[in-house]
Amino acid sequence: MGWPRREPELVELLKRYLGCPFRLFTPQPDPHKHMEAYKRAWKTGKTHGFVPVFISVSGKEHLLEMLVANADPASEDDIKNFSPQRVAAYRKELLETPLPDADGIFKKAAGEMNLYEEAREFGIMEAEKSIHNVFWSLFGSGSNEFSANPPTRQVMLAKIPVKNPWEVFAWLPMGNWNCAPGPLEMMAVAKSWYERFGAVPAAVSGDEVEFYMDIPAGRGRTRAELEALAFEHLAFAPDTWEGELIDTGHLKKCRYWYFWWD
């Protein structure tokens, strides 16, 4: 597929694909500078017409391959030579397409994967340490890489020029593999979560999506409301929990939502 193995090459290709300003962060011992930069950009973007998103830059990642496959399938076998014009036309098409109903997406996914039985019970947070305040995808995909205190990945903090936060997934068309929702479904879910909870797409890699919100979505909500939200998370990305119970206490207090697909 002509996959770029060197990170400098991947940075240049992502720069051409994005067509918007970004800041490149090299691997660092901790993510404090990343988080400070993100929060400044989030505040600035509200008045300057962009949504900041961290984008993983790694030769091990297949993010660009997925983006090109969705936006310019004619270049899927030679992703280095994708067409920015076809990418732009695809973004325009997504933005003009009516979005599906998010509730229907959750129910359809849950039914196809037999999640209703799994969602009968949800865990309760037992310790404050289960609350995190960074984007886990800054470190690595899968569920446990971040626990070993590795340095951060190389990432780009891009200023995605969209009017609404959920339109990030028109600029970065995630999904369409295994049980991962396609770009339109990603947009529909993100729109629903933004309108109800203020959650915005904030970080992506080849198999991860993270959301950020100024105020935890679960604050002031009942146990039943938290369980309903946990069910939506389970239906959206069941691989994230790998059979474990979703922590409703975590949803009540945390401002960062992490999702991962196998």
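A residue is called buried when its relative accessible area is under 20%, exposed when that value is over 50%, and partly exposed in between. The model is predicted. By the cut-off for burial, six of the six residues of strand β2 (residues 51–56) are buried, so the strand is largely enclosed by the rest of the structure.

**Strand β2 and its partners**

- Both faces of β2 are covered. Val-51, Val-53 and Ile-55 are buried on one side, and Pro-52, Phe-54 and Ser-56 are buried on the other.
- Strand β3 (residues 155–160) runs antiparallel to β2, and six bridges join the two strands.
- Strand β4 (residues 200–204) pairs with β2 in the parallel sense, over two bridges.

**Packing of helices α5 and α9**

- Two packed helices are described by the angle between their axes and the distance between the axes.
- For helix α5 (residues 102–112) and helix α9 (residues 223–236), the angle is about 65 degrees and the axes are 8 Å apart.
- The crossing of these two helices, α5 and α9, is left-handed.
- On the α5 side, the contact is made by Phe-106, Ala-109 and Ala-110. Helix α9 contributes Phe-231, Glu-232, Ala-235 and Phe-236.
- Six of the residues in the contact of α5 with α9 are nonpolar, one is charged and none is polar.

**Cysteines**

- A disulfide is a covalent bond between the sulfur atoms of two cysteines.
- A search of the whole structure finds zero disulfides.
- Cys-20 has a relative accessibility of 10%, so this residue counts as buried.
- Cys-179 has a relative accessible area of 27% and is therefore partly exposed.

- Arg-86 lies in helix α4 (residues 84–96).
- The relative accessibility of Arg-86 is 42%, so this residue counts as partly exposed.
- When residues up to four places away in sequence are not counted, Arg-86 touches Ala-71, Asp-72, Ala-74 and Ser-75.
- One of these residues, Ser-75, is 11 residues from Arg-86 in sequence and 9.8 Å from Arg-86 in space, C-alpha to C-alpha.

Key:
Residues numbered from 1 in each chain as written. Predicted model: local features only at pLDDT ≥ 70, side-chain atom pairs only at ≥ 80, totals over all residues. Heavy atoms only, no water. Buried < 20%, exposed > 50% of the residue type's maximum accessible area, 1.4 Å probe, protein only. Helix = DSSP H or I, 4+ residues; strand = E, 2+ residues; numbered from the N terminus. Pairing = 2+ DSSP bridges. Axes fitted to C-alpha atoms, helices over the stretch in contact; angles between N-to-C directions. Left-handed = near helix turned anticlockwise from the far one by under 90°. Contact = heavy atoms within 4.5 Å. Nonpolar A, V, L, I, M, F, W, Y, C, P; charged D, E, K, R; others polar. Disulfide = S-S within 2.5 Å.
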